[in-house]
Amino acid sequence: MSTSKPPPPFPTTPPPPPTPSTPFPYPATDFLRADESSDTDFYSSPRYVTHIDDHAIGLLQKYYAGTLPRSGRILDLCSSWVSHFPPEMEAGAAKGKGEEDGGVEVVGIGLNAQELAANPLLRETILQDLNADPRIPAAVGPLRATVCVVSVDYLTKPLAVLASVRERTVEGGSVHLVVSNRCFPTKAIGRWLRIGEEERLKMVGDYLWWSGWGEVEIVEVCDGRMREGEGGGGGGGGLARLMGMFGGVDPLWVVRAVKVAQDGDTGGEKSEL
């Protein structure tokens, strides 16, 4: 994995070998949702809540601290009022030390203007429904990394989105798709609700292979159990530890990949998805 720091101490495995030269293995019907109404309307009211528990947030911050670059531009895809970056990265971004000063600059794309405005980490915000317009604006690049926290299950055109992210990413840059088992079920794609966690992770890995990314890996950040020395990321550590005794903490994985050079650099098979 090409990163600026050694990888964090989380179990990492490659998904099953892909065959991206063949047609994308998921039909359009897999991406239908129970609620096909406007996503802009659905997310019109801000939700100042976190969608994973404090324990998972704390471990995700550790993963980010050991993996994300400390300079250049990072895209927070499907962003909201909080990005779960480690405190030291948040502090640097909040001080305004951006890419031009050798620091990190975070750009957020999301659906709710109030939530994006409330996120102190974001240097720039873009209001965009990726299911209606999956193209990442050219001005967002060049990107060193992209993150997407527990939102990939809502994308109805994942190949188009991830191929566009890849186009905006420098060679050697990375993408980190964070997956848990929480969602708004009416807005998640249909296949996501019909399959288990292992198949979900393979499916997200396929998104990356078929959109032109390389070096795809699945990282297990949390298997749903709390271990000695692990705490929460937002003041709820005691409750998270109690829940962990009964297997109640949120599981968390990252499906990640790297932009590697390709012949012709076409970004993989073209698809409407």
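Contact here means heavy atoms within 4.5 Å. The model on screen is predicted.

Stop 1: Eight of them form an open sheet in the order 1-7-8-6-5-2-3-4, with mixed pairing. Go to the edges, where strand 1 (12-13) and strand 4 (122-127) each have a single partner strand, so one side of each is left without a neighbour in the sheet. Then select strand 5 and strand 6, which run parallel and are joined by six bridges. On this pair, Val147 stands opposite His176 of strand 6.

**Stop 2: helix 5.** Helix 5 spans residues 158-167 and is mostly covered, with nine of its 10 residues buried. Which residues of helix 5 are buried? They are Pro158, Leu159, Ala160, Val161, Leu162, Ala163, Ser164, Val165 and Arg166. To see what covers them, show strand 2 (72-77), strand 5 (143-149), strand 6 (169-179) and helix 7 (197-210), which are included in that cover.

**Stop 3: the largest nonpolar core.** Select Leu75, Leu77, Tyr207 and Leu208, which touch the most other members of this 38-residue core. At least two core residues come from each of strand 2, strand 3 (104-110), strand 5, helix 5, strand 6, helix 7, strand 7 (214-222) and strand 8 (252-258). Helix 7 gives the largest share, six residues. Apart from this core lies another, of 29 residues, including Leu116, Leu121, Val150 and Val249.

**Stop 4: Tyr207.** Centre the view on Tyr207. Leaving aside neighbours within four places in sequence, Tyr207 is in contact with Phe24, Phe31, Val152, Pro158, Leu159, Leu162 and Ile189. Among these, Pro158, Leu159 and Leu162 are buried residues of helix 5.

**Stop 5: the cysteines.** How many disulfides does a search of the whole structure find? The search finds zero. Select Cys78 and Cys148 to see why: the sulfur of Cys78 has its closest cysteine sulfur in Cys148, 4.1 Å away, which is too far for a bond. The cut-off for a disulfide is a pair of cysteine sulfur atoms within 2.5 Å. Is Cys78 buried or partly exposed? Cys78 is partly exposed, at a relative accessible area of 26%. Finish at Cys222, which counts as buried at 2% relative accessibility.

How values were computed
Residues are numbered from 1 along each chain as its sequence is written. This is a predicted model: local features need pLDDT of at least 70, side-chain atom pairs count only at pLDDT 80 or more; totals for chains, interfaces and linings use all residues. Side-chain values use heavy atoms; hydrogens and water are left out. Buried means under 20% relative accessible area, exposed over 50%, partly exposed in between (1.4 Å probe, protein chains only). Helices (H or I, at least four residues) and strands (E, at least two) are DSSP runs, numbered from the N terminus. A nonpolar core is a set of buried Ala, Val, Leu, Ile, Met, Phe, Trp, Tyr and Cys residues joined through side-chain atoms within 4.5 Å. Two strands pair if DSSP finds at least two bridges between them.
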